[in-house]
Amino acid sequence: MRSFCTPQILGLLLTVLLVTALPPRTQAQVITSGPPSCPGVALTFDLCPVRKGSGYDQALIDYLIEQKIPATFFMSGKWMARHEQNVQALLQVPFFEIGTHGEVHAHLPLHSSEEQKQEILGPVRLLKTKYSHNATLFRPPYGEFNDETVNVVQALGLQFILWNVVSGDPDQAITANQIQDRFKRSVRKGSIIVMHANGKGRHTREVVQALQEQLMPERNLTPMTMSDLLQCRQAAP
Ligand SMILES: [Zn+2]
């Protein structure tokens, strides 16, 4: 009888051992939705730096506050540097959550691990030192990342937040109806919707109002901040 431990079988066993000893797939740490059983939806707004315009959608923020709609904002460092009063204002709203969105809105996969770390840490440090705010949610600029990004974000103790519903709101050619059609097709329990609050979305306020008044009530969905959605926790009334 041939020995069980042929070199081929040994090799196979070693491979199996190595594969099972590896950490779980890094993609698992990238969050694209809340629990699929949770009747919550996260309305998330990126604050990417802008070259022209005010960089702040006051009408949208006013509407969210007036309607007491929980929302999450991802601030870039460059945007924060030009919008100190807006940073203060957003931090003061108890049903808003603040995360970060890189320092200069870099294309992370083009950079080394150390450069990525500095780009990611910029606004996290600024929020902590200048505003005494601990921001643990991170969203990569352009939604771009590689394995190193995931490792850096994890090593920094941040949560990596993407989305599963794209509004497309910075597209100047898109109409409010087209955005609403996208929402009708894709918004469901646990959805994370990506939009912009830097004034780049021409129809953002309008489509948020439609979500609030029609689509979410029709589907028995409640807006939640990102952290509340992940724990499926209803905000206190
Ligand atoms: Zn952005």
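A quick word on the model: it is predicted, so local features need pLDDT of at least 70, side-chain atom pairs count only at pLDDT 80 or more, and totals for chains, interfaces and linings use all residues. Residues are numbered from 1 along each chain as its sequence is written.

Let's start with the whole chain. The protein chain has 9 helices and 9 strands. Both are DSSP runs numbered from the N terminus, with helices being H or I of at least four residues and strands being E of at least two. Of the 237 residues in the chain, 39% are buried. Here "buried" is for a residue with 20 or more other C-beta atoms within 10 Å of its own, the C-beta atoms being placed from the backbone. Two residues are in contact if their C-beta atoms, placed the same way, lie within 7 Å. Among contacts in the chain with a separation of 6 or more, 81% are between residues 24 or more positions apart.

Now the core. Which residues have the most contacts inside the largest nonpolar core? They are A42, L43, L47, F73, M75 and I193, in a core of 46 residues. Strand β2, residues 40-47, gives the most to this core, with 5 residues. A nonpolar core is a set of buried Ala, Val, Leu, Ile, Met, Phe, Trp, Tyr and Cys residues joined through C-beta atoms within 7 Å. In soluble globular proteins, nonpolar side chains tend to be buried together. Take L43: leaving out residues up to four places away in sequence, L43 touches I69, A71, I193, M195, V208 and P223.

On to the helices. Helix α2 (residues 58-66) and helix α8 (residues 204-218) pack at about 20 degrees, their axes 8 Å apart. Axes are lines fitted to C-alpha atoms, for helices over the stretch in contact, and angles run from 0 to 180 degrees between N-to-C directions. That makes α2 roughly parallel to α8. On the α2 side, the contact uses A59, L60 and Y63, and on the α8 side T204, R205, V208 and Q209.

Helix α8 has another partner in α7, residues 176-186: their axes come within 10 Å and cross at roughly 45 degrees. These two are therefore oblique to each other. Angles under 35 degrees count as roughly parallel, over 145 as roughly antiparallel, 65 to 115 as roughly perpendicular and the rest as oblique. Among the contact residues are F183 of α7 and L211 of α8.

Conventions
Buried ≥ 20, exposed ≤ 12 C-beta atoms within 10 Å, placed from the backbone.
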